Amino acid sequence: MNPIFLRKDSETHFEWRIRNLPYPKEVYSVEIDHNKQEIVLRTTNKKYYKRFEIADMKRIGLKLEDQYVAWKYQNNTVIIGYEKPDKIIELE
């Protein structure tokens, strides 16, 4: 079954879920590519690789920062969260 990538935001966080990823938690890594301003999810076993941007932040010229990214793995799903900056919350 192919992985399913979807965005599901909360009031305080941007959130993405990638379902149908059956590998152990240890193979995943999530980081920010500061040059391209994208979040990168990859596996050490080279089975999955995904880059994505936060269009809301790009639109108003905010840069991604490492300390606001968090992720977890549960039920064959990688959940990536990025804390919304105050400026984004004000605009919403």
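Reader: How many helices and strands does the secondary structure of the chain come to?

Author: In this predicted model, the chain comes to two helices and seven strands. Read from the N terminus, the elements run β-β-β-β-β-α-β-β-α.

Reader: Which strands make up the open sheet, and in what order?

Author: Strands of a sheet pair through backbone hydrogen bonds, in a parallel or an antiparallel way. In this structure, four strands form an open sheet in the order E1-E2-E7-E6, and the pairing is antiparallel. Strand E1 (4-7) and strand E6 (69-74) are the edge strands, each pairing on one side only. On average, neighbouring strands of this sheet are turned by 15° against each other, direction ignored.

Reader: How many bridges join strand E2 to strand E7?

Author: Six bridges join strand E2 (residues 13-19) to strand E7 (residues 77-83). To find your place in this pair, look for Glu15, which stands opposite Gly81 in E7.

Reader: Now a side chain, please. Why does Lys58 count as partly exposed?

Author: Lys58 has 46%, so Lys58 counts as partly exposed. You will find Lys58 in helix H1 (residues 55-59). Beyond its neighbours within four places in sequence, Lys58 is in contact with Lys36 and Glu53.

Reader: And the whole chain: what radius of gyration does it have, and what would a compact globule have?

Author: With 92 residues, a compact globule would have a radius of gyration near 12 Å; the chain has 13 Å, which agrees. Along the principal axes, the C-alpha atoms fill a box of roughly 40 × 25 × 20 Å. Buried residues make up 36% of the 92 residues.

Note on methods:
Residues are numbered from 1 along each chain as its sequence is written. This is a predicted model: local features need pLDDT of at least 70, side-chain atom pairs count only at pLDDT 80 or more; totals for chains, interfaces and linings use all residues. Side-chain values use heavy atoms; hydrogens and water are left out. Two strands pair if DSSP finds at least two bridges between them. Axes are lines fitted to C-alpha atoms, for helices over the stretch in contact, and angles run from 0 to 180 degrees between N-to-C directions. Buried means under 20% relative accessible area, exposed over 50%, partly exposed in between (1.4 Å probe, protein chains only). Contact means heavy atoms within 4.5 Å. The radius of gyration is taken over C-alpha atoms; the globule rule is 2.2 Å times the number of residues to the power 0.38.
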